[in-house]
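Colleague: Could you walk me through this one slowly? I would like to ask a few things as we go.

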Amino acid sequence: MLCFARLIGLHRRSILFLGLLLGAATGCADHMRRPNPQPEIISNEDVAQIQPAVHSHSFTMRNVDATRQLAAGIHDVENNAWRWTAGEFSIVLATPRGASTRGADLVFGFHIPDAILRRTGPVTLTAYLNAAEVGARTYTAAGAQRFSAMIPPELLRQSPLAIDFHLDRYIPRGVLESRELGVVAYTVSLESE
Amino acid sequence: MKTADTREEPSRTFATAERFIIQRCVQIQYRVVWLVVVLVVASVYLWLTKSGWARFEWKRDLDGYYDLLGRAFLSGHLRLPIEPRRELLALANPWDPDLNAPYRVLDLALYNRHYYLYHGAAPALLFFAPWRLLTGHDLPESFAVFVMCVGGFLVLCELLMVVLRTLPASVPLWLFALFLLTLALGQSLSNMPQRAMFYEVASAAGFLFASCGFFCLFKSFASVQRRVTWLFLCGLCFGLAAGCRPNLVFAAVPALAVVVLSGPRRLSLRALLSREVIALALPIAICCLCVAGYNYARFGNPFEFGLRYLMATASYQNIRPTIGNIFPSLYYFLFCTPTVDPVFPFVRLAFRWPFESIGYHFPARFFNGGTGGMLVLCPLVLLAVGPAFLPKKMSRHVAVTTIWSLTAFSILSILFVGSLGLVSQRYEVDFQPYLLLAGCIFMGLAVGLMRGRTRLWVQFGFALMMAWSILANMALAVQGPYDQFVQAHPESYLRLAKWFSPADRFRPLLNPPLHVYGHFYFPVPCSPGMQPLFSIGEFGSRYVVSEVCKQDNQITIVSSSGDPRFAQVWVADIALDRAGFERVDLDFAPQNKNMTVRWNGRVILTHPLPFLFTARSQVRVGWDATFGQKTAFSGRFIVPVTTEK
C-alpha cells in the first residue's frame with residue numbers, strides 16, 4: 001500500500017496528464033458517436049483537386065506552356081510558329097467565363113499548304129465535343145483558313161473540354177515524310193461574346 | 001550475526017532497512033508498470049486477432065493445417081487427413097503450377113499421393129495434438145498465435161527486466177514502459193495476429209521458443225549452481241524453435257560460442273566437451289535428429305522439408321538458399337520504405353524495386369509478400385550494434401554479452417532467410433524482436449552511463465524513435481498483411497478511422513454516393529497493356545477500373561474490387577470506331593452497392609460490391625497507387641468540373 005502511494009506521489013503529474021488525455025478522448029468519442037448524416041456525393045470536384053489544372057481557353061501553337069493542352073495528333077512546334085496536325089487531332093481547352101450562359105465560339109486558325117491540297121483535294125474538317133459533332137466545314141482552297149463553330153451554352157457548363165478534330169482527307173505517313181500530315185495549325189480558342 | 005550488529009549500530013541497520021524498503025518499492029513500481037503494459041498489450045493483441053476474419057471456435061473440427069497435423073499425429077500418421085483430388089493425381093506432373101492450379105491445396109507438399117505440411121511440426125506436437133487429446137476439439141490457429149505472441153512477449157519482457165537489473169544504473173520508469181511497449185507494438189510481431197494461419201503459427205511458436213532459449217541462456221550466465229540446467233533448457237528451447245522454423249537453429253551458434261569462450265579453457269577440446277557445452281548442444285542435436293527423422297519418414301530424405309513437392313506458384317516452389325537472393329532480400333527486410341498516406345492508418349506497405357532501381361531483374365525464384373524495411377519502421381534495431389562503441393571495460397559485462405548473442409543470431413537469421421528468396425513481413429519475426437531487445441538493453445546501458453543534459457537529450461531521442469516505431473508498426477498491424485480489418489468489419493474500422501481523421505478530405509467514408517467521370521483519349525490502334533481509368537480506396541477496400549488493349553480497335557474495360565491478389569473482376573468489351581476522347585462515368589449507388597460504369601452515357605457494366613470504403617482524397621481518375629506503385633493512364637484525360645451553378 002505504501003509502495004502504491006509512493007508510486008502515485010512520484011508520478012502525480014504523469015497521472016494527471018493521462019487523466020486529462022483520457023477525458024479529452026472520451027469527449028471526442030462522444031462526438032464520434034453522434035449519428036452521421038449521409039455524406040455528400042463524391043464528385044469530380046473532389047477528384048479535380050489532384051488533377052493537373054487546365055487554365056487557358058485560347059493559345060497559339062508556339063506557346064510551350066500549351067503543350068499539355070495538346071492531347072493527340074499534333075506534332076512538334078516548327079519555326080517557333082506552327083505545328084503540323086495529323087488526320088485526327090485533339091485538344092483540351094478551359095471554358096471561358098460566361099460561356100455557360102451565352103455559349104462560345106470555337107475558333108481554329110490554320111493553313112493548308114498547296115502541296116497538300118493538290119494531293120488530297122477538298123478537305124472537310126469536323127469538330128466534336130464530348131463525342132458530339134459541333135461543326136464541320138469543307139475547304140477547297142490552299143492558304144490561311146479559319147474554322148469556326150458556335151457551341152451552345154448547355155455544352156459549356158463544365159471545364160475543361162476535350163475537343164476532337166477530324167479531317168476526312170490527309171497525307172498518310174510515309175508518303176511525303178514519316179509523319180501523317182493534315183493541316184498546319186496556328187491558333188485555337190474558345191471565345192465567349 | 002545480523003542481530004548483534006543491529007544492537008550495536010541501530011542507525012546503520014535502520015538505514016539498511018530503509019534502503020531495502022525503497023529498493024522493494026522501486027521493484028514493485030517496475031512490476032506495476034510491467035503488469036499494466038502486459039495487460040494493455042494482451043488486450044491489443046486480442047483485439048488485433050479478432051479484427052480480421054478469425055473466430056475462436058472451440059466446439060467443432062477446424063480445417064487449419066496445424067489442426068489437421070495434430071489430428072494426423074494422434075491417429076499415428078505423418079500425412080494430413082486430406083485426400084488429393086483425382087484430377088491432380090492424374091496430371092503428368094502434379095507439381096507443375098500451371099497445371100495444378102485448379103486442383104491443388106495451396107502450400108502443402110504432395111508426395112506419394114498424400115499431402116504433408118512443410119512447416120515445422122513442433123507446434124502440432126506440443127500444442128495442437130495435446131489440445132485435441134484433452135478437449136476433443138481443435139485449437140483455433142488464431143488463438144494459438146495470440147497466445148504464442150503474448151507468451152513470447154512476456155518472456156522477452158522478463159529477459160529485459162533481468163538484464164536491466166544487472167546494469168550499473170536503473171532506467172527511468174517511463175523509459176522502461178516505452179521499452180516494453182516498443183517490444184510488443186513497435187515491431188513486426190504486431191503484424192501477425194490479424195491474419196493468423198499456419199504460416200503465423202510456425203513463426204509465432206518459433207518466436208516463443210527462441211525467446212525462452214535466450215532467457216535461459218541469460219539465466220545460465222547469472223547462475224552458478226544451476227548453470228547446466230539453464231543451458232540444457234536453453235538448448236531444448238532452441239531445438240524446439242528449430243522444430244518450428246529450421247532457421248532458428250542458428251540461435252545455437254552464438255549460445256555455443258558464448259559458453260565455449262566464457263569457460264576457463266577457451267577453444268580447447270576439453271572446453272568443447274565440457275558439461276556446459278554438452279548440456280546446451282545435446283537437446284539441440286536430439287531435436288535436429290527428430291526433425292531429420294521426421295523428414296526421412298515423410299520424404300525419404302532427412303534434409304527434405306517438402307519444399308521440392310510444394311503445391312505453390314512458381315515464384316516460391318522448390319526454394320533453395322542462394323547467394324543471389326540475399327541482396328534483394330536485404331533491401332526488403334532492411335530498407336524498403338512504406339507509403340505514408342494522409343488517410344488512416346497513415347502507413348502502408350509498398351511494393352518497390354530494390355533501391356528504386358526500376359527494371360531490376362529478380363532471381364528466378366523470389367517471392368515478395370510485402371515488407372517494410374526494419375531500419376525504417378523500427379530504427380532502434382540499429383542500436384543492437386551499439387556495444388561496439390562502448391568502453392572496453394564494459395565488453396565483458398553480461399548485458400553486453402547478451403546483446404552480442406542476440407545480434408549475432410539475428411544477423412545469421414537475416415542472411416539465411418534472405419538467401420531463400422522468401423520475403424514477407426512475418427519472416428521479420430525471426431530476427432527483429434531479438435535485435436530490438438538488444439537495442440533496448442543497449443539504450444538502458446547508454447542512458448545509465450550518461451549524466452545531466454546529455455542524458456535528457458538522448459532519452460528524448462530514444463523516446464522519439466520508439467514512438468515512431470510504435471505508431472508505424474501499429475498502423476501496419478491495424479491494416480494487417482491482407483487488410484482484413486476493413487474487409488471483415490468495415491463499420492468498426494470506420495469508427496476507429498474517424499478518431500484519427502479530423503480533415504474531411506482524408507476522412508474515410510463507408511458506401512458514400514459517388515459520381516465521377518473523365519474524358520480519356522483512346523488512340524486507334526490502342527496502346528498496349530493495362531491502364532488505370534479510375535481507382536478508389538486502398539488495398540483491401542480498393543476498387544479499380546482499367547482499360548486493356550485487346551486488338552487494334554478493341555479494348556476491354558476491367559472492373560476489379562478487393563485485394564489485387566484475390567480481386568473480384570467484371571469485364572466489358574468496347575469497340576473503338578475512331579481515335580478521340582471518350583467519356584467514362586462511374587456511379588456508386590449506396591442503396592444496392594452497385595458500381596455502374598458508363599461509356600459515353602451507355603451502361604456497359606454493373607459490378608455489385610460488398611462495400612465501398614474510401615476517403616475523398618482516395619478517389620483518383622486516370623491513375624492508381626496500389627501498394628505505393630503509381631501507374632497512370634498513358635494518354636490525355638480530363639476531369640471536368642462544373643464552372644457555374
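Predicted model: local features only at pLDDT ≥ 70, side-chain atom pairs only at ≥ 80, totals over all residues.

Colleague: What about Asp107(B), what is its phi?

Modeller: Phi of Asp107(B) is near 65 degrees, which is a positive value in a residue other than glycine. Asp107(B) is also a loop residue, found between α5 (97-100) and β1 (109-111) of chain B.

Colleague: Changing topic to helices: at what angle do the axes of α10 and α13 of chain B cross?

Modeller: The axes of α10 (residues 227-244) and α13 (residues 275-299) of chain B come within 8 Å and cross at roughly 20 degrees. Because angles under 35 degrees count as roughly parallel, α10(B) is described as roughly parallel to α13(B). The crossing of these two helices is right-handed.

Colleague: Which residues make that contact?

Modeller: On the side of α10(B) they include Leu231(B), Phe232(B), Phe238(B) and Leu240(B), while on the side of α13(B) they include Leu280(B), Leu282(B), Ile284(B) and Val291(B). Taken together, the residues of the contact of α10(B) with α13(B) divide into 18 nonpolar, 3 polar and 3 charged.

Colleague: Now the sheet in chain B, please. In what order do the 5 strands come?

Modeller: The order in this open sheet is β12-β11-β10-β9-β17, and the pairing is antiparallel. The twist from one strand to the next averages 25 degrees.

Colleague: Why is one side of β12 and of β17 left without a neighbour in the sheet?

Modeller: Both β12 (568-575) and β17 (619-621) of chain B stand at the edges and have a single partner strand each, so one side of each has no neighbour in the sheet. In general, strands of a sheet pair through backbone hydrogen bonds, either parallel or antiparallel.

Colleague: Over how many bridges do β11 and β12 of chain B pair?

Modeller: Strand β11 (residues 554-561) of chain B pairs with β12(B) over 8 bridges in the antiparallel sense, and within that pairing Ser561(B) has Gln568(B) of β12(B) as its bridge partner.

Colleague: How is chain B divided into domains?

Modeller: The domain assignment gives domain 1 (2-26), domain 2 (37-479) and domain 3 (504-638). Taken over C-alpha atoms, the centres of domain 1 and domain 3 of chain B are separated by 77 Å.

Colleague: Last topic: how many residues of chain B are in contact with chain A?

Modeller: There are 37 residues of chain B in contact with 33 residues of chain A. The largest share of the chain B side, 6 residues, comes from β8(B), and the elements that give two or more residues also include α2 (10-51) and α20 (490-499) of chain B. The residues on that side of chain B divide into 20 nonpolar, 8 polar and 9 charged.

Colleague: And which strand of chain A is joined to β21(B)?

Modeller: That is β8 (residues 158-159) of chain A, which is joined to β21(B) by 2 bridges and runs antiparallel to β21(B). Ser159(A) has Val641(B) as its bridge partner in β21(B).

Note on methods
Residues numbered from 1 in each chain as written. Chains lettered and ligands numbered in written order. Axes fitted to C-alpha atoms, helices over the stretch in contact; angles between N-to-C directions. Helix = DSSP H or I, 4+ residues; strand = E, 2+ residues; numbered from the N terminus. Parallel < 35°, antiparallel > 145°, perpendicular 65-115°, else oblique. Left-handed = near helix turned anticlockwise from the far one by under 90°. Contact = placed C-beta atoms within 7 Å. Nonpolar A, V, L, I, M, F, W, Y, C, P; charged D, E, K, R; others polar. Pairing = 2+ DSSP bridges. Domains from an automatic or database assignment.
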